[in-house]
Amino acid sequence: MPTDNWTTGYATTSASTWQAWTSITSSATTSITASPWVHWASNYTASTTATYANTIAATNTTWSLWSSGVQTYRPAYVSPPPPETEEQRAARRERAAAYEAREQIRKAARRVAISKADALLESLLDDMQRAQLAQDSAFLLRSQSGKIYRLRKGRSGNVDEIDAEGRVVAVYCAHPALDVPDGDTVVAQKLMLEADEAAFLKIANRHTTYGRPPVNREALEALLHAP
Amino acid sequence: MTEQQIADALSSGKAVFEAMGVEGDVKTVWDPNNAVEVEEARRQFERLTKEQRFRAYRVTGTQGEAGEPMKVFEAAAGRVIFVPPMAGG
């Protein structure tokens with residue numbers, strides 16, 4: 001329980017914390033000096049009278065000035081910038097054109113990278129996997145330990161562990177730390193799962209299987225019965 | 001360099017390094033019978049695997065055969081794919 005100094009009335013001429021905050025008297029004498037709250041919220045200043053006087057004084061309190069729009073406390077008006085000159089407009093358009101040119105080059109380079117990555121991936125698949133990739137943007141493979149995985153074309157959360165019934169039992173996410181195209185990501189995942197599965201599972205984060213569709217039954221049967 | 005060109009190089013006895021990168025894989029074709037090229041290939045292998053921590057896999061065949069991890073440089077490796085360090089996502 002707070003002490004008397006927090007809430008109770010005056011026992012001495014020194015006001016409690018609460019009273020000093022909210023009351024209009026600072027002492028038991030007749031002099032009136034406004035408390036912080038009163039200064040904030042009320043529209044008066046100190047008066048020499050013994051009673052509370054809600055008079056509008058020449059110097060208003062913070063809140064009243066804030067809310068009444070008195071010029072003294074009104075935020076400074078910020079005028080809008082001057083209209084763009086012809087030179088500024090030309091410079092702005094030049095910057096935009098240079099940016100657009102750089103973007104075109106970057107996108108063209110990215111398209112080449114994607115094409116190379118896709119060609120690399122195709123070269124590392126068998127005929128059945130190529131057909132699956134073309135149809136579903138995904139293919140099945142048998143890992144080093146004999147498990148079946150579905151690799152979907154993508155970068156993150158694209159490795160599904162599949163059970164014998166074709167259901168997704170786990171989803172893994174591990175990808176190259178470099179921003180390589182998706183084709184290269186899938187190549188990396190395939191190579192690791194087939195030759196370094198333990199290392200892949202150690203690195204990969206495991207995610208929920210919610211919403212993952214089961215595997216195409218025909219493709220699964222083909223893989224299960226492959227020589 | 002197309003995949004067909006790579007296949008032709010391999011069938012003529014050359015070796016190929018394919019190192020993944022942001023701009024697609026960088027292919028290096030070298031002659032295992034040329035000492036200078038072998039030494040340069042060895043340096044590239046060491047740089048990628050030891051310094052940049054790439055994983056090297058020897059790949060053979062054309063029907064999706066599993067790759068074989070390579071920890072040590074071999075001049076007779078044939079086709080080698082270098083995979084960047086992996087990160088969980």
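H175(A) stands opposite A87(B), a residue of strand β6(B). Two strands are said to pair if DSSP finds at least two bridges between them. Helices (H or I, at least four residues) and strands (E, at least two) are DSSP runs, numbered from the N terminus.

The model is predicted, with local features needing pLDDT of at least 70 and side-chain atom pairs counting only at pLDDT 80 or more, while totals for chains, interfaces and linings use all residues. Residues are numbered from 1 along each chain as its sequence is written, chains are lettered from A and ligands numbered from 1 in the order in which they are written, and side-chain values use heavy atoms, with hydrogens and water left out.

The contact between the chains can be described further. It takes 38 residues from chain A and 28 residues from chain B, where contact means heavy atoms within 4.5 Å. The size of an interface is often given as the accessible area lost when the parts come together. Here chain A and chain B bury about 2600 Å² between them, and 61% of that is on carbon and sulfur atoms. Buried area is the accessible area (1.4 Å probe) that two parts lose on being put together, summed over both. On the side of chain B, the residues that lose the most area to chain A are M20(B), M86(B) and G89(B), together 22% of what that side buries.

Polar links also cross the interface. The count is 12 residue pairs in polar contact between chain B and chain A, both residues at pLDDT 80 or more. A polar contact is a pair of N or O atoms within 3.5 Å; within protein, one must be able to donate a hydrogen and the other to accept it, and residues adjacent in sequence count only if both atoms are side-chain atoms. The rule finds 1 salt bridge across the interface, and the side chains of R55(B) and D196(A) meet in a salt bridge at 3.6 Å, N to O. A salt bridge is a side-chain nitrogen of Lys or Arg within 4 Å of a carboxyl oxygen of Asp or Glu. On the side of chain B that touches chain A, β3 (55-59), β5 (79-83) and β6 (86-88) each supply at least two residues. The residues of that side divide into 13 nonpolar, 8 polar and 7 charged. In this division Ala, Val, Leu, Ile, Met, Phe, Trp, Tyr, Cys and Pro count as nonpolar, Asp, Glu, Lys and Arg as charged, and the others, Gly among them, as polar.

Within chain B, β3(B) pairs with two of the strands described here. With β5(B) it is antiparallel over 5 bridges, and V59(B) stands opposite R79(B) in β5(B). With strand β4 of chain B (residues 68-70), β3(B) is antiparallel over 3 bridges, and R58(B) has E68(B) as its bridge partner in β4(B). Of the 5 residues of β3(B), 4 are buried; buried means under 20% relative accessible area, exposed over 50%, and partly exposed in between (1.4 Å probe, protein chains only). The loop between α2 (35-51) and β3 of chain B holds R53(B). R53(B) has a positive phi of about 60° although it is not a glycine, and it counts as exposed because its relative accessibility is 58%.

Chain A has 9 helices and 5 strands. Buried residues make up 35% of its 227 residues. Helix α6 of chain A (residues 127-136) contains Q129(A), which counts as buried because its relative accessibility is 5%. The side chain of Q129(A) reaches the backbone oxygen of L140(A) at 2.9 Å. Beyond its neighbours within four places in sequence, Q129(A) is in contact with F139(A), L140(A), L141(A) and K190(A), and with G64(B) from the other chain. Between α6 and β1 (138-142) of chain A, the loop includes S137(A). S137(A) is a residue other than glycine with a positive phi, near 55°, and it counts as partly exposed because its relative accessibility is 41%.
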